[in-house]
Amino acid sequence: MGFFETLRRSLLVAGLALAGVGTLQAAVPSPKSHFGFDIGDDYMLANYTQTEAYFRKVAASSDRFRLVELGKSSEGRPQLMLIASSPANLARLEEYRGISERLARARDDAQAARALAEQGKAVVWIDGGLHANETVGPHQLIETVWQLASRDDAETRRILDDTIVLLVHANPDGQELYSDWYMREPVPAKRVLDKPQRLYQKYAGHDNNRDFYMAALQETRNMNLAMYTRWYPQIVYNHHQAAPKGTVIVIPPYRDPYNYNIDPMIPVGLEALGSAMNLRYLQENKPGAVSKGGSVYSTWWNGGLRTMPYFHNMLGVLTEIVGNPTPMQIPYLPERQLPDSNLPAPVAAQTWHFRQSIDYSLTANWALLDYASRHREQLLWNIYWMGRNAIARGSADTWTASPTRLAEAAAQAKAAATDAPQDGLGPRQVAQWLQRPDQRDARGYIIPADQADLPTAVAFVNALQLAGVEVQRASRAFVVAGKSYPAGSFVVRADQAFRAHVRDMFEPQDHPHDFEYEGGPPIAPYDSAGWTLAFQMGVAFDRVLEAFEGPFTALPVGQLQAPADVPVPASSRGWLLDARVNNAVIAVNRLLKAGARISRVPSRDGAFLVAGVEADALAVALQGTGVAAAVAPAGVVAEAPLRAPRIALWDRYGGSMVSGWTRLVLENFGFDYEVVYPQQILAGDLRQRFDVLLLPSGALPLPAELAIEGKAGRTPASPDPATIPAEYRSMLGELQGEPAVAALRQFMGQGGHVVATGSSSGLALQLGLPVASHLRKPDAAGQLKPLSQREYYIPGSVLEVAVDKAQPLNWGLPPRLDVYFSDGRWDNAPVLDLPAGRADIQPLLRFDGPRPLRSGWAWGQEYLQGGVLAAEAGMGAGRLTFFGTDITFRAQTHASFKLLFNSLLQAGATGTAAHE
């Protein structure tokens, strides 16, 4: 650079600073000066340690940024958010945050809200790195930080003046793992983005984007608190990979169905954002953006980083882009070369470099930021208006249309028509079939404090709190709709801005029947079809249909509740802990480790009898659990004492998400365990070290004989050992075939207990037990054939089963249980027929009716009637317990956790002892 050019630039920057529209940004380090390479260079990735240091440098050297630590990751790393805006805005940051919150909560009148929208700044969330194998995400975030720090063009200055940009790293641990794994190869051209030895989120891996309404993971909690209790962004942009073959990037809008609980301004707003992105791509000659029916993504499901915002009146944007630090190919697909409304500008086949993906991501970021800048006031007003709509609907008699209700009304109208078909429903028919008083939307929900498992209800309330839902608690007893409720009961009103999320957590989802054509195959939902969290957690609640008041105090938004400790009464005979309370297991595990004597009491639904411990020690064990200890009555008969089970949990190289979620549940409830890999199981010496072996879904493939048509399980092959560092090769291998069956048979023959879920429950058949698939029907020749997905299709949904209360493994459960069930795109959930009259095989859970669906989509659900979902069989000196579904699904299904806990704690001794 020449002297005069240097002088000109210096004077320009100085002039801008004096004018108050910019500051000298030259001190901000470039990515190359920090990382040693430009972001997007082929074969180069930055890890999180480097990224964190860069973010801290930028925040320290630029007056356009504030650095916030949201919390720690699951592995203890700081999870950072950089806030970007103009220096003038940052000086008033709390004021603008408060405006965003007030408009999102929508409690002001319209005149005040309009004034706030005029004053406020649009808040835009841009994240990266959630799925660590999608390496574009964290790297576009780094480059976006650099561009916002260094650009001084008019558009960037306008964006910084009009918006507040939240730049959030979504998974620090994952970036560290994947980048280090990729960069371990010293020769750049030999680097391959393959799978490292474990999950890229400690417990969930890819499922970390399935956790947002539950918030079981620490990173999710950090982000939810920032999004729904602090900043309330109007736009939430979640970066992902990869695009469909023959395209470059998926952008909004997305395909139907969209969830009928969300405000209609959401899908319309997404169309506007998608248009802004598409136009900018075309202006910059960047073809290959696809939307709507050109990809699989919809707006039905609640639970992802970009989908939960819809239920909070925020525009959630997902992009899925191609890209790899190792150059890749965009193939030529003829079906992707003709422009249409899904793909207006097809992309040519070519070699694709990492930097191209970074550039496309920057274009998307700037398109949204430019839109937010130009429509700042409108975005702020829209989130307010959607909130006001929600409050209004929650304050009046309303009826929400759903596919099943509408189909039933149409069928009734057709049956009632005597002459010519009617043109729609008349007012009387609408009132009779769709708007009866008992069909009204709830005005609120009451969670009674006297329910059997209040601590689990508190955990449900905390999930609502982490989602920013407004919750109240009763300071004294009260009566609503003629029913009495005790003090401490929780109240969740519908007249709040986040009503859509409230309804989605309490009410059943009713997914439409979605097929490629009439009689054709189903179109798989992007994720679950039904997920009602109150059902999954077994929480008792009442829907209130009329306006109501009471002695209710609002809980601080986002403040987690702890179940109250209950004083331990004096007792010379010991104490009983109610087995209906999940948290009782936490206390039991603490007490077993402390040497207490714990037994089960069959006559009291498996209550835990605690002896051999002082009251003070019991009180310590009960701290934080909310479990009450009752004085044991004289003469109570208990089984032989329990001992802490020695638990082995299967996992595979690369990590199983189902196993990972199981780890989290075990840790949360105080169970010690050891992870074992196929080679250790096949070695055949497990019994000396373990009492119980957990085989989650995926450990074993589902035999074809137990699957519906085309759904037999497959075990992923391990990578070539030569490509894996020596220290990880013991994790390789598969658990399948006769060697696996023989090793497991030996373990049980020596007195071990195998607990198998999902696809692994097919072990029952492989062991020679006389089980068969219930999901079959006779063909024309009278031969039983598996059902096809045209006849039977249940993607992730909540179903009801009957519980055999005579079985000890069902202690603490209600007679009817809601379970998460999935036999859809990814999962296998066998339903079995068992032989009659066999004392060595006992059914635990059974479908006893033709309509078990509680929430979601269950095409052909009538085929389930009479089928067995779970059973236990004696195997030599040991036993096999098998569940056709995942009983710890994503750490959400608290209602079915007792099935796991009872399996683990089941005493080896079979005798009983009188306790005096």
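These legends describe close-up views of one predicted model.

Numbering starts at 1 along each chain, as its sequence is written. Local features need pLDDT of at least 70 in this predicted model, side-chain atom pairs count only at pLDDT 80 or more, totals for chains, interfaces and linings use all residues, and side-chain values use heavy atoms, with hydrogens and water left out.

**View 1. Confidence along the chain.** Over residues 1-24, pLDDT stays under 50. The model gives residues 1-24 12 contacts (heavy atoms within 4.5 Å) beyond four places in sequence. Residues 908-916 also stay under 50. That stretch has 16 contacts beyond four places in sequence.

View 2. Strands (E, at least two residues) and helices (H or I, at least four residues) are DSSP runs, numbered from the N terminus. Two strands pair if DSSP finds at least two bridges between them. Axes are lines fitted to C-alpha atoms, for helices over the stretch in contact; angles run from 0 to 180 degrees between N-to-C directions.

View 3. Strand 13 pairs with strand 16 (residues 490-493) over 2 bridges, in the antiparallel sense. Here R473 stands opposite F490 in strand 16. E470 sits in the loop between helix 16 (454-466) and strand 13 (472-474). Leaving out residues up to four places away in sequence, E470 touches R105, R107, V492, Q496 and V557. E470 and D495 are 25 residues apart in sequence, and their C-alpha atoms are 9.6 Å apart.

View 4. The order is 20-21-19-22, and the pairing is antiparallel. Strand 20 (597-601) and strand 22 (629-631) are the edge strands, each pairing on one side only. On average, neighbouring strands are turned by 35° against each other, direction ignored. Strand 19 (residues 575-577) runs antiparallel to strand 21 (residues 607-611), and 3 bridges join them. W575 stands opposite V610 in strand 21. Helix 20 (residues 615-622) packs on the sheet and touches strand 19, strand 21 and strand 22. The direction of helix 20 makes about 10° with that of strand 19.

**View 5. The second largest pocket.** It holds about 800 Å³ of space. On a 1 Å grid over the protein atoms alone, a pocket is an open set of points with protein on both sides within 12 Å along at least five of seven lines; lining residues have an atom within 4 Å of a point. Grid points are joined across faces, edges and corners, and a volume is the space filled by probe spheres set on the points. Of the 31 lining residues, the closest to the pocket centre are S402, T404, R405, Q509 and D510. Helix 14 gives the most to this lining, with 5 residues.

**View 6. The largest cavity.** A cavity is a set of grid points where a 1.4 Å probe fits but cannot get out. The count comes to 9 cavities of 30 Å³ or more. The largest has about 80 Å³ of space. Its lining includes L649, T662, P696, D886 and L900. Strand 26 (692-695) and strand 27 (753-757) are the elements that give two or more residues to this lining.

How values were computed: pLDDT = per-residue confidence, 0-100.
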